[in-house]
Amino acid sequence: MASGASGGAAGRAMAGGCRLLLLLLGLGPGPGRAAAPAAAGGMLYPRETPSRERKELGGLWSFRADFSPRRDAGFVHRWYRQPLRQTGPVIDMPVPASFNDITQDPSLENYIGWVWYEKEVLLPLRWLQDDLNTRVVLRFGSAHYYSIVWVNGVQVVEHEGGHLPFEADISSIVQGSPGIPCRITVALNNTLTPHTLPPGSIQYMNDKTRYPKNYFVQNIRFDFFNYAGIHRPVVLYTTPSVYIDDITVTTTSSESVAVVQYRVSVVGSPLYSLSLSLRDQEGKVVAAGDGPAGELKVLNPNLWWPYLMHENPGYRYSLEVRMQAQVDGALLEDVYTLPVGIRTVHVTSTQFLINGRPFYFHGVNKHEDADIRGKGLDWPLVVKDFNLLRWLGANSFRTSHYPYAEEIMDLCDAYGIVVIDECPGVGIKMPESFGNKSLQHHLVVMEELIRRDKNRPSVVMWSVANEPASELPPAAYYFKTVIAHTKALDPSRPVTFVTDANYALDRGAPYVDVICVNSYFSWYHDPGHLEVIPLQLTTQFENWYKTYQKPIIQSEYGADSVPGLHSDPPLMFSEEYQKAMLSEYHSVFDKKRKEYVIGELIWNFADFMTNQGTTRVLGNKKGIFTRQRQPKSAAFVLRERYWKIANESNCLPPITKSHTLFLK
């Protein structure tokens, strides 16, 4: 949720912008607090075009965590009113990155509450000349979890949610002060409550014989570390004062012709003209149109195909949208180019069809997680991961358990990696997390996610939650409402959520299009007993299909393995046990994928950090790669399987035996 603001007074900041601070302190909402609005307007990715410029704000920012007992010193003393360094000590903090692992301070690693970021930047003079009708926008790719942003001491936006973009038009602030550095201040709170996504709770430890005064902990019901910070790029970009605000594209196709349906919204003036041209990868115009809505027909189209399903996967056209408007006698022009993949998705009772052909998900679950940087976007790591995915023969992944960076999604589109796009609805376990307050926030999160990713050909299905307590009575209405809302926003894609509930008790499953089920037989259930997997997994599939007659994806399965730990016969936590578990699951998959099982997603692509605990030694070790992206034995087992499946179903060249796979 994002909402704009224009004042910098402490009273307004405390009452209107600090809901999570008040929750952390156990207080009620501030006076005059209005509900945060639903996602409004567009959220096009900021691209440079003939009419648009962008300025990256990554690098070192000033940083301070508020360690005051009530975590409110920054608001009481109005740190946003002046440079942060003038209000007390600051340290350098890289952006994008999580703040937790950057320093040697253990109190920062597990910090809960408000932290403050600041960056001063000089803007080009041409951006500040108001007579040029230039609009200046400040955009955050994501910040975890609740953000309040000021520019030169004036509050410009607040946003709830840790994995989706938000922005603010700051033209009126910066254009009034040419030549003065633009000071951007961010207050960021990582507190999770029963009504956030993901949910959590604050527990105060009041036993003074065991805990210091004001001691509290953040409880969570998910198994990954709650990294916090400004995790994705921060940019300033410009548009004309009349501009293209949003573009929505859907596609249909037959053997010889495709139809690209489009809808364009323009903000700033009711008087404008629009022209559109669709170009292929050689730059040739294959279709053209005009007006805010219509259809473009493409003869003999190049369809967007998944990796390993076609010799030219990830084919995308470029849709150039050109807007012209007259403002005070001056002609304004805005240009935006949107990549477009032409593909269709359809679900039957036993199959998942992409462009009319059966598609089998052989892929992974991932995390945005790495040493030092935490969840911060890191290009070398991103590219390494995609090279490993293609080496592995993986054609898909789920964005477990939150939306991933737009830059990652761009590469999925380009490389043909199919995505199940999941919102941050993980750990919805408490009954109070199924109430109306949580539900309304969940609906807005889905609006923001679909607004961001609706035009991506790689996204073939939305996931609205992971392992919720869907057996609880309120779950029926909750998921019926969330799924119906998601389908109303985007009728073109199927919707699911990932369950670990009993098939007979799950109250949300009737509303999904595809059953996604997680199970860890011989790990969390009957640990060490590999022999029970065939019966239990077969029974699981047959019960779900008999009940719902819907295709099934094994959306998680796996075992922890400590790299270099060996045991024969296989024992838990050894690399041999991980391999043996995979083999047992795969034998059942091979039988059931001939019927109604349409996918298998290993948990997990790579080891990742979690909270400390007696069952976690420096994180979760279920990766087939280490956290540093080195393969365990299981990676080679999975690679051989995935390439075998790809060759069987698509007549591709034989599997490359070398560890090196030359990629285009």
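E467 lies in the loop between β29 and α9. (Helices and strands here are DSSP runs, numbered from the N terminus: helices are H or I with at least four residues, strands E with at least two.) A word on the ground rules: this is a predicted model, in which local features need pLDDT of at least 70 and side-chain atom pairs count only at pLDDT 80 or more, while totals for chains, interfaces and linings use all residues. Residues are numbered from 1 along each chain as its sequence is written, and side-chain values use heavy atoms, with hydrogens and water left out.

1. Let's stay with E467. Its phi is near 45 degrees, a positive value in a residue other than glycine. E467 is also buried, at a relative accessible area of 18%. (Buried means under 20% relative accessible area, exposed over 50%, and partly exposed in between, with a 1.4 Å probe and protein chains only.)

2. F573 is another one to look at: its phi is near 80 degrees, again positive in a residue that isn't glycine. You'll find F573 in the loop between β32 and α11, and it is partly exposed, with 33% relative accessible area. For background, most residues other than glycine have a negative phi, and most peptide bonds are trans.

3. Now the cis peptide bonds. One joins L197 and P198, with omega about 0 degrees; P198 is in the loop between β11 (182-189) and β12 (200-204). The bond from S400 to H401 is cis too, with omega near -10 degrees, and H401 belongs to the loop between β27 and α7.

4. Eight of its 10 residues are buried, so the helix is largely enclosed by the rest of the structure. The buried ones are E406, E407, I408, M409, D410, L411, C412 and D413. What covers them? The cover includes β6 (134-140), α6 (379-392), β27 (396-398), β28, α8 and β29 (459-466). Just past the helix, G416 takes a positive phi of about 80 degrees.

5. The axes of α8 (residues 436-453) and α9 (residues 475-489) come within 10 Å and cross at roughly 25 degrees. (Axes are lines fitted to C-alpha atoms, for helices over the stretch in contact, and angles run from 0 to 180 degrees between N-to-C directions.) That makes α8 roughly parallel to α9. (Under 35 degrees is roughly parallel, over 145 roughly antiparallel, 65 to 115 roughly perpendicular, and the rest oblique.)

6. Who meets whom between these two helices? On the α8 side, S438, L439, H442, L443, M446, E447 and I450 meet Y477, Y478, T481, V482, H485, T486 and L489 of α9. (Contact means heavy atoms within 4.5 Å.)

7. S433 sits in the loop between β28 (418-422) and α8. Is S433 buried or exposed? Buried, with a relative accessible area of 2%. Leaving aside neighbours within four places in sequence, S433 is in contact with P194, P199, I428, S438 and Y478.

8. Next, the aromatic rings. Rings of Phe, Tyr and Trp (its six-membered ring) pair if their centres lie within 6.5 Å; planes under 30 degrees apart count as stacked, over 60 as edge-to-face and the rest as tilted. By that rule there are 42 aromatic pairs. In one of them, Y478 and F479 have ring centres 5.2 Å apart and planes at 70 degrees, so the pair is edge-to-face. Y478 and F479 are both buried.

9. Y557 and Y585 make a stacked pair, because their ring centres are 4.9 Å apart and their planes are at 25 degrees. Y557 lies in the loop between β32 (552-556) and α11 (575-592) and Y585 in α11, so the pair ties together parts 28 residues apart in sequence. Both Y557 and Y585 are buried.

10. There's an aromatic cluster as well, formed by F75, W79, Y80, W114, W116, Y146 and W150. The charged end of R64 sits over the ring of W79, 4.4 Å from its centre. (That takes NZ of Lys or CZ of Arg within 6 Å of the ring centre and within 35 degrees of the ring normal.) Elsewhere, R593 lies over the face of Y360, at 5.7 Å from the ring centre.

11. Last, L535, in helix α10 (residues 533-548). At 61% relative accessibility, L535 counts as exposed.
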